[in-house]
Amino acid sequence: KKYLKKNKIFSSKISFMNWSNLKDLCDSKHVIGSHTMNHPRLIDDFPENDLIKEIVESKQIISKKLNLNVDCFCWVGGEEYSYGRSSHILVKKNYSFSFMTNFQVIKNTTDPYFLNRTNIESNYDKAEFNFYMSGIMDIFYYFKRIRLKKKLR
């Protein structure tokens, strides 16, 4: 929050990062990835032209604006329906890895297109943080991860 306030990208109103903020993060060795153009759920019957815009063009714009090779993609949402097979294929063609939000420890043997992260929000208190880091949610999401691997392969 200290960084965000200092750089005027945090306020009581909705505020977003700009290209200058992203460039600062790149200069500080942060990894910048794509998260689509318009934040839609990439469902199974998402129109192909729109998929290209959301998955491929978002990467191209970030790459051009930041003079950066964008290797990673993070899925929008996390609901089971929001992972479409055509979207998954397009992500694999255009990125080296992708992140999902289905709680799992990432190991060096983890499939790079099924990197299931644990989402921690800045407003979580210590108890919430400890709960999410405990591994309980990894167990809770086990069957969802299996279903998604079957669906997307």
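This is a predicted model: local features need pLDDT of at least 70, side-chain atom pairs count only at pLDDT 80 or more; totals for chains, interfaces and linings use all residues.
**Exercise 1.** Find which parts of the chain are tied together by the salt bridge between E79 and R41.

Solution. 
Step 1. Check the distance: the closest N and O atoms of E79 and R41 are 2.9 Å apart. A salt bridge requires a side-chain nitrogen of Lys or Arg within 4 Å of a carboxyl oxygen of Asp or Glu, so the pair qualifies.
Step 2. Place each residue. E79 lies in the loop between β1 (72-74) and α4 (85-94), and R41 in the loop between α2 (19-27) and α3 (48-66), so the bridge ties together parts that are 38 residues apart in sequence.
Step 3. Look at accessibility. E79 is partly exposed, at 28% relative accessible area. R41 is also partly exposed, at 29%.

**Exercise 2.** Locate D44 and K151 in the chain and state how many residues separate them.

Solution. 
Step 1. The side chains of D44 and K151 form a salt bridge with an N to O distance of 3.4 Å.
Step 2. D44 sits in the loop between α2 and α3, while K151 belongs to helix α7 (residues 142-152); the two are 107 residues apart.
Step 3. D44 is partly exposed, with a relative accessible area of 47%. K151 is partly exposed at 25%.

**Exercise 3.** Decide whether R153 is buried or exposed, and do likewise for its partner D111.

Solution. 
Step 1. R153 and D111 meet through their side chains in a salt bridge of 2.4 Å, N to O.
Step 2. R153 is in the segment after α7, and D111 is in the loop between β2 (97-100) and β3 (115-116), 42 residues away.
Step 3. The relative accessible area of R153 is 52%, which makes this residue exposed because the limit is over 50%. D111, at 22%, is partly exposed.
Step 4. For the structure as a whole, the search finds 5 salt bridges.

**Exercise 4.** Identify what caps the N-terminal end of helix α5 and what follows the helix.

Solution. 
Step 1. Helix α5 covers residues 126-133, and D125 caps its N-terminal end.
Step 2. A side-chain oxygen of D125 lies 3.1 Å from the backbone nitrogen of A127.
Step 3. After α5 comes G135, with a positive phi near 100°.

Note on methods: Residues are numbered from 1 along each chain as its sequence is written. Side-chain values use heavy atoms; hydrogens and water are left out. A polar contact is a pair of N or O atoms within 3.5 Å; within protein, one must be able to donate a hydrogen and the other to accept it, and residues adjacent in sequence count only if both atoms are side-chain atoms. Helices (H or I, at least four residues) and strands (E, at least two) are DSSP runs, numbered from the N terminus. Buried means under 20% relative accessible area, exposed over 50%, partly exposed in between (1.4 Å probe, protein chains only).
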